[in-house]
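Visitor: Could you walk me through this one? I'd like to hear how its parts sit against each other.

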Amino acid sequence: MNTLLSRATLDDLEIRDPQDRERDLMRRLPALLSQAQSAPGWARILHGVEADAIDHRAALAQLPVTRKSQLKDLQRQDSPFGGLTSTAPRALSRIYMSPGPIFDAEGRSADWWRFARPMYAAGVRAGGLLQNCFSYHFTPAAFMVESGAARIGCTVIPAGSGQTELQVQSIAALRPDTYVGTPSFLKLILEKAAETGADVSSLAHALVSAEALPESLRKWFAEHGVAHVCQAYASADAGSIAYETRTAGVLDPGMVLDEDVILEIVRPGTGEPVPPGEVGEVVLTVFNPDYPLIRFATGDLSALLTNAAPSPCGRTNARIRGWLGRADQTTKVRAMFVHPSQVHDIARRHGVAKARLVVTGTIANETMTLQCEVDDPASAGDGAAIVATLRDVTKLRGEILFVQRGSLPNDGKVIDDRRDYS
């Protein structure tokens with residue numbers, strides 16, 4: 001019997017002891033740094049870093065953060081990949097272009113995007129048939145699926161996106177067991193099938209990504225015959241990051257991290273890790289032979305699951321809560337941009353562990369209030385020194401409100417824009 005048909009996980013890496021996994025990642029980390037420093041872009045970013053010394057998380061946390069939002073400018077300076085690839089462009093398998101433009105690389109190794117893991121967790125097996133409804137045009141999502149399918153050993157219908165009637169005809173005629181694509185397009189396909197009376201009941205599983213999947217839509221899928229729907233969290237630069245799993249048909253809590261990713265959750269606008277369980281920005285270090293990423297800030301918000309029992313599926317890696325929004329909360333107040341990093345800088349200067357800038361009022365008539373957590377708000381004083389720093393850093397006037405430690409919401413917000421735009 002094919003082992004991929006009989007086992008619950010893709011391989012034993014997914015079920016190893018968490019301490020063994022951590023030791024292995026930290027053991028491999030110096031070599032990844034050294035590999036990255038062979039690329040001119042990383043050599044500039046990591047100038048002066050001794051790769052052999054970066055063998056534990058505290059050392060990693062001292063390295064600079066490179067933000068996804070910087071890629072466009074980096075790639076202008078050093079075309080096409082900002083000097084961040086350790087393989088020459090003409091030695092790659094594919095080069096992709098997203099709007100911006102932003103260019104992304106794909107190397108030649110098997111399952112380069114590490115996408116077999118989320119596909120296997122979603123129910124894809126050797127001998128299966130899946131309908132790949134990600135676009136094959138310029139962007140890599142469809143090819144992530146192709147590479148994962150090749151590793152697992154299933155057959156792919158390269159349907160791409162669009163042409164809903166043809167999609168329905170294909171499913172009715174070829175009877176694929178799995179859909180892979182965006183959740184919104186799956187809904188369109190199921191609606192068109194219902195409208196035309198086509199039988200698409202062969203779809204037992206779905207792996208969706210690239211869009212949010214609200215629980216209301218997941219429930220709608222179940223009501224329309226696709227009960228086993230899992231999400232994958234991936235990007236065109238990092239590949240697979242995390243994915244949902246199921247046990248006995250029931251969705252497991254959280255999303256399991258990929259085996260070749262070191263994930264940090266940092267305070268938005270900074271590189272400073274937040275306490276476990278707190279919402280912050282996703283920062284990734286990815287072991288990739290062609291496109292190494294070192295402390296790469298995705299701009300997405302998430303949080304680690306803490307104090308949770310091991311995943312019922314048997315996978316032992318850390319889990320995150322999934323996509324919780326965007327971290328870039330930069331806002332404009334009276335023609336001046338205010339950045340999350342500035343809020344963090346003000347808090348750091350005054351020893352405030354957590355702060356949030358709340359903007360209220362209307363355009364051109366705003367009020368900025370910096371809420372600062374302290375042990376005893378009643379005895380914290382008037383905050384004149386913080387007010388002065390707020391004005392010095394942002395060039396704007398603002399107020400201070402001391403609040404009880406632990407009272408600010410755990411939602412990753414550093415700047416909360418509550419202005420009335422009506």
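Visitor: How many salt bridges does the rule find across the interface of domain 1 and domain 2?
Guide: This is a predicted model, where local features need pLDDT of at least 70, side-chain atom pairs count only at pLDDT 80 or more, and totals for chains, interfaces and linings use all residues. Residues are numbered from 1 along each chain as its sequence is written, and side-chain values use heavy atoms, leaving out hydrogens and water. A salt bridge here is a side-chain nitrogen of Lys or Arg within 4 Å of a carboxyl oxygen of Asp or Glu. Across this interface the count is 0.

Visitor: What area do domain 1 and domain 2 bury between them?
Guide: The assignment, automatic or from a database, gives domain 1 as 13-19 + 46-326 and domain 2 as 331-417. Taking buried area as the accessible area (1.4 Å probe) lost on putting both parts together, summed over both, you get about 750 Å².

Visitor: And which residues of domain 1 lose the most area to domain 2?
Guide: Carbon and sulfur atoms hold 55% of the buried area. On the domain 1 side, three residues together make up 49% of what that side buries. They are R267, P268 and V279.

Key:
Buried area is the accessible area (1.4 Å probe) that two parts lose on being put together, summed over both.
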